[in-house]
Amino acid sequence: MAEVVVSNFINGSFVPTSSYIPSFDPSTGKVWAKIPDSGQDEINMAVSAAQTAFKTWSVKPAEERSKVLMKIADLLESRLAEIAELESRDQGKPVWLAKAVDIPRAVYNFRVFATSILHDTNRSSVMDAVGAVNYTVRDPVGVAGLISPWNLPLYLLTFKIAPAIATGNTVVAKPSEMTSVSAWKLCEIFNEAGVPPGVINLVFGVGPKAGEALVVHPDVPLISFTGGTVTAKRLRTSAAPFCKKLSLELGGKNPAVIFADADMDKCIPTTIRSSFVNQGEICLCTSRIYVERPAYQTFLKKFIEETKKLKVGNPKEDSSFMGALISKEHLEKVKGYVKIGVEEGATISCGEGVDTLDLPAGIKDGYFMRPTVITDLKENSRLLKEEIFGPVTCVVPFDTEEEAIMKANDVQYGLAATVWTQDVSRLHRVSRKIQVGTVWANCWLVRDLNMPFGGMKDSGIGREGCVESMDFYTEQKTICIKL
Ligand code: NAD
């Protein structure tokens with residue numbers, strides 16, 4: 001395939017740039033695309049287009065905006081296979097996964113927000129004694145700056161674009177420089193669907209340059225960011241002189257708490273998926289598994305047996321459960337954590353350094369590693385505290401419910417957790433006490449976009465999804481009318 005050249009999408013047109021950066025195919029380690037190295041000028045151009053478009057888009061009836069979003073969803077669905085292949089090439093994930101999860105979810109994002117804005121309601125309250133009625137309203141914020149990561153490229157980018165434009169904002173989005181190609185293709189669909197010029201603008205480039213320019217732009221009152229906690233700290237500092245709305249969806253160190261009475265036939269396959277799908281590169285992936293001691297040995301044996309069966313290989317093959325990690329640097333970072341485990345005296349029960357990884361010619365230079373299970377860790381091991389964001393999971397026994405809750409909460413992060421037990425009271429009790437934004441009880445990654453999504457602690461601020469609580473509206477305004 002010839003090298004792909006990506007261009008910015010501003011005011012409904014593809015705009016070439018003067019300088020580019022390379023984008024690597026993680027499965028081969030070779031450059032396959034060129035991405036614009038945008039900066040202040042490109043961001044200024046895009047913000048100006050979005051500001052002009054806001055004047056008409058924000059006052060369109062919800063029904064009209066809804067139709068445009070539905071059209072985007074239909075067109076994206078009709079090009080699902082083509083876009084899934086681009087996404088796999090960009091990120092290293094298996095094509096089957098992009099076809100089954102990423103792109104269908106991107107389609108769903110547009111459909112859900114297209115329809116939910118039609119059913120949004122306000123709060124009202126009547127004051128009998130004084131004869132007054134109060135009601136609340138919320139409006140679109142303006143030009144929304146959207147910054148997204150590489151791990152679920154279109155899934156997450158569209159989870160920002162769809163609600164932002166559905167509620168009447170216009171957007172300037174900067175996808176990750178490591179996975180920009182599928183986002184660039186999506187722009188063709190925006191034009192075909194009749195999105196008015198300037199409503200959606202995409203500017204490609206690196207975070208410290210294009211991203212930073214967007215964050216400090218005075219005419220961008222809202223930044224919705226998904227990415228690492230360290231990046232978010234920098235972003236908050238840059239945005240501090242402005243009074244911007246900030247929505248931050250950040251890292252996680254997600255526990256699975258498994259009680260001895262759990263239905264292991266469901267729990268083990270789901271926990272394997274929650275640990276290793278997408279190469280463990282989902283912010284919601286399980287990376288600490290706490291198992292009640294009576295079930296610990298049986299769980300561990302089966303978990304390792306099943307993990308060893310997972311095929312790591314060519315993302316184009318349906319039989320590959322896992323593809324390649326995003327980059328050489330990231331692969332080294334993830335393997336580095338396994339080394340730390342070894343130095344700390346932990347046991348590598350399977351995977352990196354223990355099982356062989358035979359890769360066929362053609363993908364030998366790709367960024368692959370085997371799913372790795374680590375046990376016998378020290379209580380304060382870095383592997384139990386820091387986000388690894390790869391196919392590495394730690395298994396630890398516990399004795400009491402209180403101990404499990406304490407261990408689950410003993411990290412800086414608070415994104416998601418799973419709890420496994422057949423005791424309904426315990427399920428509610430433990431779920432309530434774990435300090436995370438989402439608890440999945442006897443399941444994982446079952447997402448209802450009518451419910452708010454986001455983190456606690458260092459996993460973020462603000463909420464996405466759920467029109468009622470989302471950050472793409474202004475704060476509530478109360479209007480009081482004396483009758
Ligand atoms: P990252 O923080 O390196 O980059 C995220 C985005 O921010 C990219 O588009 C990047 O170019 C941009 N960026 C980098 N520096 C910037 C700066 N100074 N100013 C403005 N923008 C800047 O994260 P990543 O490596 O792309 O993604 C992995 C991280 O994202 C993990 O920590 C993961 O847990 C997290 N994540 C969280 C969620 C969630 O919903 N909570 C979802 C997916 C990923």
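By class, four nonpolar, seven polar and seven charged residues line the second largest pocket. Nonpolar covers Ala, Val, Leu, Ile, Met, Phe, Trp, Tyr, Cys and Pro; charged covers Asp, Glu, Lys and Arg; the others, Gly among them, are polar. A pocket is an open set of points on a 1 Å grid over the protein atoms alone, where a 1.4 Å probe fits, with protein on both sides within 12 Å along at least five of seven lines; lining residues have an atom within 4 Å of a point. The model is predicted: local features need pLDDT of at least 70, side-chain atom pairs count only at pLDDT 80 or more, and totals for chains, interfaces and linings use all residues. Residues are numbered from 1 along each chain as its sequence is written, and side-chain values use heavy atoms, without hydrogens and water.

The second largest pocket has a volume of about 420 Å³, the space filled by probe spheres set on the points, which are joined across faces, edges and corners. Of its 18 lining residues, Asp120, Thr121, Asn122, Arg138 and Tyr473 are the closest to its centre.

The largest pocket holds about 1000 Å³ of space. Its lining has 39 residues, and Trp150, Phe225, Gly227, Gly228 and Thr231 are the closest to its centre. The lining of the largest pocket divides into 15 nonpolar, 15 polar and nine charged residues. Domain 1 (4-250 + 459-482) and domain 2 (254-450) both contribute to this lining, so the largest pocket lies between them. Domain bounds come from an automatic or database domain assignment.
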